Each structure stands twice: as C-alpha cells, then as structure tokens.
Amino acid sequence: MYTQQFLNTRRLNTAYYRAGEGNSRKLLLIHGNVSSSAFYLPLMEELSQQFDAAAPDLRCFGDSSALPVDATRGFRDWTDDLAEFTAGLEWKHFIVAGWSMGGCVAMQYAIDHPEQVDGLLLINPGSPYGFGGTKGADGVMLDPPGLASGGGCANQKLVKALLTGEREFLRTTLNSVYFKPPFRMEQDWEERFIDEMLKTKVGEGMYPGNTTIVTQWPLVAAGDKGVCNTMAPNHGNLSALADIPVKPPVLWVRGDSDIMVSDTSVCDFGYLGQAGLAPGWPGAEVIPPQPMVSQTRGLLEKYAANGGRFQELILPGGHGCHLESPAAFIKGVEAFFA
C-alpha cells in the first residue's frame, strides 16, 4: 500500500507517495500541470509489484511547498528539487517517469543527471521544443521568442476555477481534455483528482505565470515567472537530450486521441487560429499549428541516431491514457524495463 510522506531538504518540503520499498528497481513518478502525485495513485499497487515507486508533488502543486518558479531556468527549479529529493531517499540510480509537463521535467533531469537515470518513461510529454511558440519538426522558434506561449496562453476560465473552487468546470476539463470522452474515472477518484487540481498554487511566480504583451498576434509572449512560462521555447528547450553522454532507454507512451499534446492541439494558438477559433490568425506561414508529436518523434530519432534507444507505445485514450488503459500501460512498462 502507498502512504503519503514528507521529506524536507534545503530547497523544499516535498509531499510524496511511496510503495514497493522492498524492490531494488527505483521509479520516480513526476506528475503534470494542474495535477499532483495523486494522479499516479490508481497505478501504484501494480507498479509496486516491480518497482520501489515514489511520486512527489512538485513545488506549486499538491501538498509540497508553495514556492515560486523562476521560468528563465526552464524546468531546472523542479529538477534541482528532485535531485535533492532523490538524494534524501538515498537513490543513486532510477527510472524517471513523467506525464505531460512532467515528461519535460523528466527529460530535463536526464540532461542534468544522465548518470543517475536507468530509463526514461515519457507519458504524453510536452514537446521538447516548448509548448506553443515553435513551428516545424525541428522546433523553429516564432518571432519574437516566446510568442504564443507561456502564462498568457493559459485558459483564463481554468485559472478562475482554481481561484474560486469551481468544481464543475474542473470536472469538465478533466473529462474532456485530460481524458477522452466517454471515459471517466470511478466517482471517488474523479472527486479526488478535482481536489488535487484545486491544490495548484495560483499567484505571483506560481500558476500560470506572468506574460509579455507584444504587437504580433496573438499579442502575448512568455514571461519570466511561473509554471506555464517554464514550457516556453525560449526557456524550456530540451533538444540537448539527443546529445547526453549516457543514453538510458526511452519508452514514449502516448494516447491515440490526445487533444492536449498533439499536432492539432486544442491548447495551441496556431491550431486554434487555423480552425477559426482564434480571430485574427495571420496564417500558416506565420504561425502554423505546432506539430508537438512530430517534434518529440524527431528528437527521439536523433537520440537513437546518436546511440540511444527508444520505443513508441500508442495506447487507446487521451492525455491520461495511462489511466484510461492501465493494464496495457503496466504491461508495456514492465516489458520495456524488464
């Protein structure tokens, strides 16, 4: 069984769940944006059959410290926190798993500490070239840098719901964006997940982060503080993964119906403009839809060409495919990391 624990380091008081402590193989589970470690709990019992699994809450999320994020460092505030967290657990080598934004944090961890990483498990990760703000398979940055990305691109209704505790909007988001309809978690889990979404810390330097007003459509570019700005291409570029000296095997898991991280993402201004849902779109030559999946595949192919190894596992479901198709997910993870 999993239990919530707390580990205090020089950087952060981290809340986390852990199960399977008797197992020799270690698995670090990193959650995504507007969520928490609790989104892994439905899988913990199965994972603990094979792994010593620990799922921490990142700063600004769950029950960990509400500390600000310096977005100019990309994902490194979180990876520095996690380095001290894993040291506190006395883990020297482990598999790093990350879902959504957590997949970007996992890639950054492998860039920063490749000698510690026995494997990478990327579950519908954000593009390695940034969430918004790039075009083409090689992630060419839009001009000016950070255009159409960062805190100003967050759904303002979602921000309001987090501030006011509007559960029904969060429920709709969970069941239409995180998961592919008509899938729904059991009611107790659904309510628990909404509770955890509401723990997201909204404010200065936290979620979603500040923005820069520009004259180019859509009139916003990334700021320098807060969660969403870490994913801007001018702050959070992860292309260095292809060149790390020690290359752990990578399992890339994605849902066949993910609408959040997609080549046609409903969270991307380029796609929304092309679909007629964002007025004033300047056209595909200026801001095309960001090919997020193609960008990830392209980087992993470079990783393989440089001596690494990766496997792409496509599961039925949306952005939360690991929860929508849990048996296939567990089977795929156990087989790949056997």
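Phe193 counts as buried, at 0% relative accessibility; buried means under 20% relative accessible area, exposed over 50% and partly exposed in between, with a 1.4 Å probe and protein chains only. The model is predicted, so local features need pLDDT of at least 70 and side-chain atom pairs count only at pLDDT 80 or more, while totals for chains, interfaces and linings use all residues. Residues are numbered from 1 along each chain as its sequence is written, and side-chain values use heavy atoms, with hydrogens and water left out.

Phe193 is part of helix α6 (residues 187-197). Helices (H or I, at least four residues) and strands (E, at least two) are DSSP runs, numbered from the N terminus. Leaving aside neighbours within four places in sequence, Phe193 is in contact with Ala38, Phe39, Pro42, Leu174, Phe179, Met185 and Leu323, where contact means heavy atoms within 4.5 Å. Phe193 and Ser35 are separated by 158 residues in sequence, but their C-alpha atoms are 7.4 Å apart in space.

## The sheet

An open sheet is formed by eight strands in the order β1-β2-β4-β3-β5-β6-β11-β12, with mixed pairing. Two strands pair if DSSP finds at least two bridges between them. Its edge strands, each pairing on one side only, are β1 (3-8) and β12 (310-315). Direction ignored, neighbouring strands of this sheet are turned by 25° against each other on average. Axes are lines fitted to C-alpha atoms, for helices over the stretch in contact, and angles run from 0 to 180 degrees between N-to-C directions.

Strands of a sheet pair through backbone hydrogen bonds, either parallel or antiparallel. Both senses occur here: β2 (residues 13-19) pairs with β4 in the antiparallel sense, whereas β3 and β4 run parallel.

## Strand β4

Five of the five residues of β4 (residues 52-56) are buried, so this strand is largely enclosed by the rest of the structure. Asp52, Ala54 and Pro56 point one way from β4, while Ala53 and Ala55 point the other way.

The antiparallel pairing of β2 and β4 extends over four bridges, and Ala19 has Ala53 as its bridge partner in β4. Three bridges join β3 to β4, with Lys26 standing opposite Asp52. β3, helix α1 (residues 41-47) and β4 make a right-handed β-α-β unit. A crossover is right-handed if, with the strands pointing away from the viewer, the path from the first strand over the helix to the second runs clockwise.

On one pairing, β5 and β3 (residues 26-30) run in the parallel sense over four bridges, and Leu28 stands opposite Val96. Six bridges join β5 to β6 (residues 117-123), again parallel; there Ile95 has Gly119 as its bridge partner in β6. From β5 the chain crosses through helix α3 (residues 101-112) to β6 in a right-handed β-α-β crossover. β6 in turn pairs with β11 (residues 250-255) in the parallel sense over four bridges, and the bridge partner of Leu121 in β11 is Leu251.

## Helices on the sheet

α3 packs on the sheet and touches β3, β5 and β6; its direction makes about 145° with that of β5. The axes of α3 and helix α2 (residues 76-88) come within 9 Å and cross at roughly 70°. That makes α2 roughly perpendicular to α3, since angles of 65 to 115 degrees count as roughly perpendicular, under 35 as roughly parallel, over 145 as roughly antiparallel and the rest as oblique.

α2 passes α3 in a right-handed crossing; a crossing is right-handed if the near helix is turned clockwise from the far one by less than a right angle, and left-handed if anticlockwise. In the contact, Arg76, Trp78, Thr79, Leu82, Ala83 and Thr86 of α2 meet Met101, Val105, Gln108, Tyr109, Ile111 and Asp112 of α3.

## Helix α8 and Gln295

Helix α8 lies across β11 and β12 and runs at about 165° to β11. Gln295 lies in α8 (residues 292-305) and is buried, with a relative accessible area of 0%. Not counting residues up to four places away in sequence, Gln295 touches Ser127, Pro128, Tyr129, Thr134, Lys135, Gly136, Ala137, Gly139 and Gln290.
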